[in-house]
Amino acid sequence: MKKTKTAAIGAEGLFDARQLGIPRMLLLGIQHTFAMFGATVLVPIITGLDVSTTLLMAGLGTLLFHLITKGKVPAFLGSSFAFLGGFAAVAPRLADGSSNLEMLPYACGGVVAAGLVYVVLSALIAAFGIKRVMRFFPPVVTGPIIISIGLILSPNAVSNASTNWLLAIVALAVIIICNIWGRGMVKIIPIILGIVISYVVALCMGQVDFTAIREAQWIGLPVHRSAMAKFDLNAILMIMPIALATIMEHIGDMAAISATTGKNYIADPGLSRTLLGDGLATSMAGFFGGPANTTYGENTGVLAMTRIYDPRVMRIAACFAILLSFSPKIGAVIETIPTAIIGGVSIILYGMISAVGVRNIVENRVDFTKTRNLVIAAVILVSALGINFAFENNGISFAAGDYTITLSGLAVAAILGIVLNAIIPGNDYEFGKEEEGEQSVSFKV
């Protein structure tokens, strides 16, 4: 009886979806939209991408993901923070803090290529099996790569914060206080509260320009031809390797959703399908001028709170995100947020990216008493950071015929890490799965 009840909850949550009715389903969908909204729009705020395009791609990407995964996984796809380093390298904001409209399309081209890495890995898993493929991506490789992403971004956070340290400190302080001492919803949305409260302070200081809001229309198209992806080999080589880290993030998210719902989504519909859905959603977003997509932990948190796991609720949330994308006025409001506030938020956000990498290593018990693991991690960290900061173009350039290719520090680090892990003896990494729960993905080094 216990297993039957668990299966029922795992399929629909505590309530059968048929008993919810349309009004409740719509309300639950709106709740999921608000859960993803703050983090999703934060990525275009930091990078300079269009907010409306980002919301549209989050909605469409989620629907595409559900189509490919047979509508079985209650996941929402929003903007990925892991690619912020790639955008900062390819399309850094201009000296006055404005968007680098000339280079952003090339960064989006790199996102398209990164999404295709998911597609290739999905095909390899389908062809050779998950255990053989994942031996090349153990935590001793992916962990240091994730750590490097956050550390590479850190100068940008400090630079933005320095435009007005008071606003940056207010934003940072509110986030820390809400996250540590907050209760209920306050603890769940610390970043949104940090932005809102520091924005109010900025209003009192006269630091907000409302011109963009007055000029923006209430209704407009969320896709702009000038912002669509353009392709440059150097931009691709700088951004594409980030997919190696986000693929591990995807696997972790699938494990978390499986643990929350009590169903093993890595087995059914299968990791190859979830990777394919995430990858194609990312490539689609990049092609139309949006950021990379990823499965959202915020929405997994809502699943845990409501215990209603019907994937249709996520699809309703996606439709609401699409509707919001057709209002340029919303994007204009977000663009008025001062750069210093973004800097304050970024200080903790970028640090948390590195912290996730540390957690990846700790939770998977990477044994650093083994020389091979020390060597691999050391080479990844030093090459990623050293190359990025030592060279003016953040990478190593070399000629290939008539074309000059630049490999970013992160790209070089990823290549070296994978190669060293493959050739140095002692790779006993195992990728396994149990029937359900958190053990659906077990990492062992």
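The secondary structure of the protein comprises 20 helices and six strands, assigned as DSSP runs numbered from the N terminus (helices, H or I, at least four residues; strands, E, at least two). The structure is a predicted model, in which local features need pLDDT of at least 70, side-chain atom pairs count only at pLDDT 80 or more, and totals for chains, interfaces and linings use all residues. Residues are numbered from 1 along each chain as its sequence is written, and side-chain values use heavy atoms, with hydrogens and water left out.

Of the 445 residues, 53% count as buried (under 20% relative accessible area, with a 1.4 Å probe and protein chains only). Among contacts (heavy atoms within 4.5 Å) between residues at least 6 apart in sequence, 81% join residues at least 24 apart.

The mean pLDDT (the predictor's confidence in each residue, from 0 to 100) is 79, and 83% of residues reach 70 or more. Confidence is highest in helix H3 (residues 51–68), at a mean of 94, and lowest in strand E6 (residues 442–444), at 32. Over residues 1–18 the pLDDT is below 50, and this stretch has 25 contacts beyond near neighbours in sequence. Residues 433–445 likewise stay under 50, with 47 contacts beyond four places in sequence. Where pLDDT is low, the predicted coordinates should not be read in detail.

Gly109 lies in helix H5 (residues 104–128) and counts as buried because its relative accessibility is 0%. Beyond four places in sequence, Gly109 touches Ala229, Lys230, Phe231 and Ile236. The C-alpha atoms of Gly109 and Gly289 are 8.5 Å apart in space, although 180 residues separate the two in sequence.

Technical notes: Buried means under 20% relative accessible area, exposed over 50%, partly exposed in between (1.4 Å probe, protein chains only).
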